[in-house]
Amino acid sequence: LNNNITTSGTSNFGNGIYLYTALKNNITGNTIATLGPYGYAFYIQADSDFNTIINNNITTSGQYGHGVYIFQNSKSNILINNNITTSNTDAYGIYLYTTLNNNITDNTIATSGARSYGIYLASNSNKNTFSNMSVKTTGTGVPIYIADTNHNFTFRDSILNASNVKAKEINITNIVKGGNWNFTNVTKSNGSKIQVSWKAGGNGTLNMHWYLDVNVSTTAYVPLVNANVSSWDKYDRYKFSKLTSAQGRIPRQTLLEFRRNRTYTNYTTPHTINVTLLTYDNETRTVNLTNTLNTFLTVNLSESLAPNITLISPADGYSTTSTSVTFSFNVTDASVTNCSLYVDGSRTAFNSSVNITGGTTSFTNTTTTALHTWQVNCTDFVGNKGNSSVRSFTITSVAAPAAEITGGGGGGAAPGLPVNF
């Protein structure tokens, strides 16, 4: 822990840290520099398993000075967040030889010598996982070199960059016998595709994957929950079906762009993406991963139902002597709605932002003494129109007060008796 180690010898005498049949060691925060040829910063050999190597700063400057060399059936080791730099010829950042189940994550590798490969795989390796790696070579070496026999590994969320114009990011030799090499979201530092050099006679399968993220909302950009997002590949093979969350998103999906060997590339993209939700129009998109690589898809669904309007007051057949009448209603819809009041078939009032969650909206209108009709019309964000039922109301005139007759002169009639003229 937190040691400074410098060596200048050769072979095993020049190694920084040497683990032999060693188990479950935790080696953290060290600065290791080897100067001589064959000086490995970490040499993990002969069934050394379950060791954890974290946050170490590793530099080698001798020929064949590998940063980390895992050898002879050593397995299930963890390498996290190490900074590995080699500067001489044939000096590999990480060298895996007959090893399996290693987890290699968040490491930065830089090599600058001739034939100095970022990651070198030899003599059968299996189930090794690389993630969040940055591997850069500036000499004639390449970031990943598959040397021989059979290898199976996974590589994701990483950057591979061969700066030499003649070098490609992956090199597969003619004596590689087989294996499956799964890549997901692996690009050059500028975001472009990595390149592969595949020698005649080399066998194996390279699978290239990319991420798909889908966000579903209304045309007013309100997130939609429980929208079903489904996908099929180029050959109409079903890939997935997921429901959107309250934020309108599905879990990130991983889709295969192509599967290739030395002589043939089988593209499984374009992919069809179908989005459905009850009361909304279906939406279908096509995603070509060869063009888009990682893809973030935004889908805006249009409502297929018109606004639903319920008249509240006045009741049908209402009668009043007031010429000013308040008309109340509510409306339910998925998007912002505008509504108009119609009296006797003519629009008399308008509201462009009506409450769409069941709250009451009112219009007040002044009209004349007569029998009238009223109704409400609403239009949602995408143009669906809804009409309410039609109700009638009557405005009557105020009854005239009874006449009061007053006698004059010398007297008048007794109250309640007929008046004779």
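This briefing walks through the aromatic contacts, the disulfide and some of the strand pairing in this structure. The model is predicted, so local features need a pLDDT of at least 70 and side-chain atom pairs count only at pLDDT 80 or more, while totals for chains, interfaces and linings use all residues. Residues are numbered from 1 along each chain as its sequence is written, and side-chain values use heavy atoms, with hydrogens and water left out.

A word on elements: helices (H or I, at least four residues) and strands (E, at least two) are DSSP runs, numbered from the N terminus.

**Aromatic contacts**

- Rings of Phe, Tyr and Trp (its six-membered ring) are called a pair if their centres lie within 6.5 Å; planes under 30 degrees apart make the pair stacked, over 60 edge-to-face, and the rest tilted.
- The count by this rule is 28 aromatic pairs.
- One of them is Tyr40 with Tyr69, an edge-to-face pair at 5.1 Å centre to centre and 90 degrees between the planes.
- Tyr40 sits in the loop between β4 (31-34) and β5 (42-45), and Tyr69 is in strand β8 (residues 68-71), so this pair ties together parts that are 29 residues apart in sequence.
- Buried or exposed, what is Tyr40? Tyr40 is buried, at a relative accessible area of 10%, and Tyr69 counts as buried too, at 7% relative accessibility. (Buried is under 20% relative accessible area, exposed over 50%, and partly exposed in between, with a 1.4 Å probe and protein chains only.)
- Phe155 and Phe183 make a stacked pair, with 5.7 Å centre to centre and 15 degrees between the planes.
- Here the partners come from strand β17 (residues 149-162) for Phe155 and strand β20 (residues 180-187) for Phe183, so the pair ties together parts that are 28 residues apart in sequence.
- Phe155 and Phe183 are both buried.
- There's also an aromatic cluster whose members include Tyr18, Tyr20, Tyr40, Tyr69, Phe71 and Tyr145.
- Tyr211 has a charge over its ring: the charged end of Arg252 is 4.5 Å from the ring centre. (The rule asks for NZ of Lys or CZ of Arg within 6 Å of the ring centre and within 35 degrees of the ring normal.)

**The disulfide**

- How many disulfides are there? The count comes to one disulfide, taking a pair of cysteine sulfur atoms within 2.5 Å as the cut-off.
- The partners are Cys339 and Cys378, with their sulfur atoms 2.0 Å apart.
- The link of Cys339 and Cys378 is right-handed, with 110 degrees about the S-S bond.
- Cys339 belongs to strand β33 (residues 337-343) and Cys378 to strand β36, so the pair ties together parts that are 39 residues apart in sequence.
- Cys339 is buried, with a relative accessible area of 0%, and Cys378 is buried at 0% relative accessibility.

- Strands count as paired if DSSP finds at least two bridges between them.
- β33 and β36 run antiparallel and are joined by six bridges; in β36, Asn377 is the bridge partner of Ser340.
- On to β37 (residues 385-387): three bridges join this strand to β36, again antiparallel, and Asn377 has Asn387 as its bridge partner in β37.
- The β36 and β37 hairpin has five residues between the strands, and Gly383 takes a positive phi near 100 degrees there.
- Strand β36 (residues 370-379) also pairs with β38 over five bridges, running antiparallel. Leu371 bridges to Thr394 in β38, and Trp374 bridges to Arg391.
- β31 (residues 318-320) runs parallel to β38, with three bridges between them; Ser319 has Thr394 as its bridge partner.

**An open sheet of four strands**

- The strand order is β24-β23-β27-β28, with antiparallel pairing.
- Which strands stand at the edges? They are β24 (238-243) and β28 (283-287), each with a single partner strand, so one side of each is left without a neighbour in the sheet.
- Neighbouring strands in this sheet are turned by 15 degrees against each other on average, direction ignored. (Axes are lines fitted to C-alpha atoms, for helices over the stretch in contact, and angles run from 0 to 180 degrees between N-to-C directions.)
- Strand β27 (residues 271-276) pairs with β28 over five bridges in the antiparallel sense, and Asn274 has Thr284 as its bridge partner in β28.
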